[in-house]
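Subject: Structure handover

Hi,

Here is the structure I promised to pass on. Could you have it open while you read the notes below?

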Amino acid sequence: DNEFINYSPLVFKGARELASISEGSYLLSLGPEQLLGNMLCGKLASMKCKVSEGKSGSFFFTSHDGKFLVKTIYHREKVSLERILPHYFEFI
């Protein structure tokens, strides 16, 4: 079973604001209404999937409109991401 978890949502929200990406645009691309609406309409392939060719074997998904990229991560990557992300955000 897979689940979608938005790790560090406030940090990523800040990064989207720096990139002038509105919350509305983000939600139209990846929000629950968009994903559920597509599933209810039978559009199960609303996000395109690609398997990583790297060591991790992660999956990459692009939003239906191609604006956003979502990557699956393992627990060890999650731990590293949560440790460095606030510092990275300060850097950018």
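This is a predicted model: local features need pLDDT of at least 70, side-chain atom pairs count only at pLDDT 80 or more; totals for chains, interfaces and linings use all residues.

Residues are numbered from 1 along each chain as its sequence is written, and side-chain values use heavy atoms, with hydrogens and water left out.

**Layout**

The protein chain has four helices and three strands. Helices here are DSSP runs of H or I with at least four residues, strands are runs of E with at least two, and both are numbered from the N terminus. Read from the N terminus, the order is α-α-α-β-β-β-α.

Of the 92 residues in the protein chain, 21% are buried. Buried means under 20% relative accessible area, exposed means over 50%, and partly exposed is in between, with a 1.4 Å probe and protein chains only. The accessible surface of the chain is about 7,100 Å², and carbon and sulfur atoms account for 62% of that; the areas come from the Shrake-Rupley method with a 1.4 Å probe, and for residues only the protein chains shown count as cover.

As for contacts (heavy atoms within 4.5 Å), take those between residues at least 6 apart in sequence: 35% of them join residues at least 24 apart.

**Aromatic pairs**

Rings of Phe, Tyr and Trp (its six-membered ring) pair if their centres lie within 6.5 Å; planes under 30 degrees apart count as stacked, over 60 as edge-to-face, and the rest as tilted. By this rule there are two aromatic pairs.

One is Y26 with F68, an edge-to-face pair with 5.5 Å between the centres and 85° between the planes. Y26 belongs to helix α2 (residues 23-30) and F68 to the loop between β2 (59-62) and β3 (69-71), so this pair ties together parts 42 residues apart in sequence. Y26 and F68 are both buried.

The other is Y88 with F91: the centres are 6.4 Å apart and the planes are at 35°, so this pair is tilted. Both residues sit in helix α4 (residues 75-91), three residues apart, or about one turn of the helix. Y88 is partly exposed at 48% relative accessibility, while F91 is exposed at 70%.

Y26 has a charge as a neighbour too: the charged end of R16 sits over its ring, 3.6 Å from the centre. The test for that is NZ of Lys or CZ of Arg within 6 Å of the ring centre and within 35 degrees of the ring normal.

R16 is itself one of the buried residues of helix α1 (residues 9-18), along with V11 and G14. The cover over the buried residues of α1 includes α2 and α4.

In α2, the buried residues are S25, Y26, S29 and L30. Seen down the axis of α2, they fall within an arc of 100°, so they line one face of the helix. That arc is taken from the directions from the helix axis to the C-beta atoms.

**Some serines to look at**

S63 is in the loop between β2 and β3, and S63 is buried, with a relative accessible area of 1%. What does its side chain pair with in a polar contact? The partner is the side chain of D65, at 2.6 Å. A polar contact here is a pair of N or O atoms within 3.5 Å; within protein, one must be able to donate a hydrogen and the other to accept it, and residues adjacent in sequence count only if both atoms are side-chain atoms.

S20 is in the loop between α1 and α2 and has phi near 60°, a positive value in a residue other than glycine. S20 is exposed, at 68% relative accessibility.

S8 also has a positive phi, near 50°, and lies in the segment before α1. Leaving out residues up to four places away in sequence, S8 touches E82 and L85. S8 and L85 are 77 residues apart in sequence, yet 8.1 Å apart in space, C-alpha to C-alpha.

Cheers
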